[in-house]
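Student: Hi! Could you walk me through this model?
Tutor: Happy to, let's take a look together.

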Amino acid sequence: MMRSYYRAIHWMRTSLVLINYAILLLYTGVFLIGTKFIVAQQKSLFFLSQLSHVPKNPVFVLSGCMGLYGLFLAMILSKRLPFRFSSLLIEWGIAFLIILLLDMASQSIVLLVICDCLYHARELRSSQVYGILAVSILLYFLTNFSIMSQLIPLTDLQKYFTVFPAMAGSALTLSRSLLEGANLLIFLSFIACFMINQYEEKESIVQELDMVNQVNQELRNYAALTEQIAENNERKRIAREIHDTLGHALTGIAAGIDACLVMIDKKPEAVKVQLQRIRHVVTEGIGDVRNSLQKLRPGALEERGLEGAIRKMIEEFVSLSDVDISLIYQMPEIDFEKTKEDALFRMIQECVTNSIRHGRAKHIDIRIAMDPDSEGKMIVRVKDDGTGCAKVKPGYGLMQMKERISTIHGTLYFEGTDGFLCEARIPLQKGEFE
């Protein structure tokens, strides 16, 4: 489609170039030959008496128009990359000089300049195209003979058509009308083709945007479905863990207690042995439960500790988005308990996720250090440059975060006036940092 469009407008622009060349030849030829005919017929005095001023030298007009038009063609037909407004200004200037040499007998070359502007419109913004069209239309009015003849001395070249014999004059006038009409017809066809292409491009963009929105919606649905599947799988895994650990242990304990109830009167010594077996089953069950709970913790915490896990998380976020995340970790060597370590990691993870997803932040600062205002406490501060919000209404994520921090006896503070700030203060036990 685009290739056929460019072929069409290229053909029309080339046709306008040829027609304008023929129009220039016609006018300059009529001016030159008509002047010689007037001199040969010795009608110079009579002809000049009909004019308001002495006309230009016809040889100068012919050579000037042909030279300027040759320069004009060299500019518009050369391969110009990229488009330059300076070249367009020169085109306007050359076109105005040609029209002025012809005493504004024809404005056809202005239409060619407008078409040349639109020919390169794909390289320009819409505001630039409209500005060029406005200046071209202004130039068209400034080269109108009826308007400008009231301001500057101009010769009506139509009078030169009348000096020829009737048959020749009629033929020349007909040629003039045909050339001017063909120039206008091709110009209008060019404009129509350009506007249709613009409309089709807009329609195509609208369709592409609709397709993009549809794909985005499908991706969102797929992400929600994937998340739901992951939740269901996690629930099934936890259910299996509970069934395989607590279920087995509790079943064994219940069976052992039943046996004790039966033997307590008949074989008291055997009850003692049975209770020791039950204790062993309980101990094994507690170990299984701990192992199951540890599997719920992020693997990075197990392998790298809190600082290493946070840095790994930051690397993953940065690699998947254009957000810039900085981390200042100024904590001494601390042996965090797993519950506290997990809560701190989940808090930072939730903050970063909210900053990217909801705040559309470009930069996130994370600072983990000892609280300078309170001895024996640490402070975790996450600040972004996102949209924020005037009044924070905690949703499910923030409520979960608050609950996690409260389980380790910490406090949580939110603020959304300048980006979004999330700050937690957590007490440390002496055994953790001494």
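**A chat about the model**

Tutor: Ile-364 counts as buried because its relative accessibility is 0%. Buried here means under 20% relative accessible area, exposed means over 50%, and partly exposed is in between, with a 1.4 Å probe and protein chains only. Before we go on: this is a predicted model, where local features need pLDDT of at least 70, side-chain atom pairs count only at pLDDT 80 or more, and totals for chains, interfaces and linings use all residues. Residues are numbered from 1 along each chain as its sequence is written, and side-chain values use heavy atoms, with hydrogens and water left out.

Student: Thanks! Which strand is Ile-364 in?
Tutor: Ile-364 sits in strand β2, residues 363-370. Helices (H or I, at least four residues) and strands (E, at least two) are DSSP runs, numbered from the N terminus.

Student: And how far is Ile-364 from Val-352 in space?
Tutor: Their C-alpha atoms are 7.4 Å apart, and the two residues are 12 apart in sequence.

Student: What about Phe-420, where does that one sit?
Tutor: Phe-420 is in strand β5, which covers residues 420-427. Its relative accessible area is 19%, so Phe-420 is buried. Phe-420 and Gly-388 are 32 residues apart in sequence, with 5.0 Å between their C-alpha atoms.

Student: Changing topic: how many salt bridges does the structure hold?
Tutor: There are 8 salt bridges. The rule is a side-chain nitrogen of Lys or Arg within 4 Å of a carboxyl oxygen of Asp or Glu.

Student: Which residue does Asp-116 pair with?
Tutor: Asp-116 bridges to Arg-13, and the closest N and O atoms are 2.6 Å apart. Since Asp-116 belongs to helix α5 and Arg-13 to helix α1, the pair ties together parts that are 103 residues apart in sequence.

Student: Are those two buried or exposed?
Tutor: Both Asp-116 and Arg-13 are buried.

Student: Where do Glu-307 and Arg-311 lie?
Tutor: Both are in helix α11 (residues 299-320), 4 residues apart, about one turn of the helix. Glu-307 is partly exposed because its relative accessibility is 30%, and Arg-311 is partly exposed with a relative accessible area of 36%.

Student: What about Glu-423 and Arg-425, how far apart are N and O there?
Tutor: That salt bridge has an N to O distance of 2.7 Å. Salt bridges with shared partners link Asp-371, Asp-373, Arg-381, Glu-423 and Arg-425 into one network. Glu-423 counts as buried at 13% relative accessibility, while Arg-425 is partly exposed with a relative accessible area of 26%.

Student: Let's talk cavities. How many of 30 Å³ or more come up?
Tutor: The count is 1 cavity of 30 Å³ or more. On a 1 Å grid over the protein atoms alone, a cavity is a set of points where a 1.4 Å probe fits but cannot get out, and lining residues have an atom within 4 Å of a point. Grid points are joined across faces, edges and corners, and the volume is the space filled by probe spheres set on the points.

Student: How much space lies in the largest cavity, then?
Tutor: About 60 Å³. Its lining includes Asn-20, Tyr-69, Leu-102 and Ser-106. The elements giving two or more residues to that lining are α1 (2-40), α4 (85-101) and α5 (108-119). Helix α1 gives the most, with 3 residues.

Student: How do the lining residues divide into nonpolar, polar and charged?
Tutor: The lining of the largest cavity has 7 nonpolar residues, 3 polar and no charged. In that scheme Ala, Val, Leu, Ile, Met, Phe, Trp, Tyr, Cys and Pro are nonpolar, Asp, Glu, Lys and Arg are charged, and the others, Gly among them, are polar.

Student: Last topic, backbone angles. What is the phi of Met-104?
Tutor: Met-104 has a positive phi of about 55 degrees, although it is not a glycine. Most residues other than glycine have a negative phi. Met-104 lies in the loop between α4 and α5, and at 3% relative accessibility Met-104 counts as buried.

Student: And what is phi near in His-409?
Tutor: The phi of His-409 is near 65 degrees, again a positive value in a residue other than glycine. His-409 lies in the loop between α13 (396-407) and β4 (411-415). His-409 counts as exposed because its relative accessibility is 65%.

Conventions: 1 Å grid on protein atoms, 1.4 Å probe; cavity = no way out; pocket = protein on both sides within 12 Å on 5 of 7 lines; lining within 4 Å.
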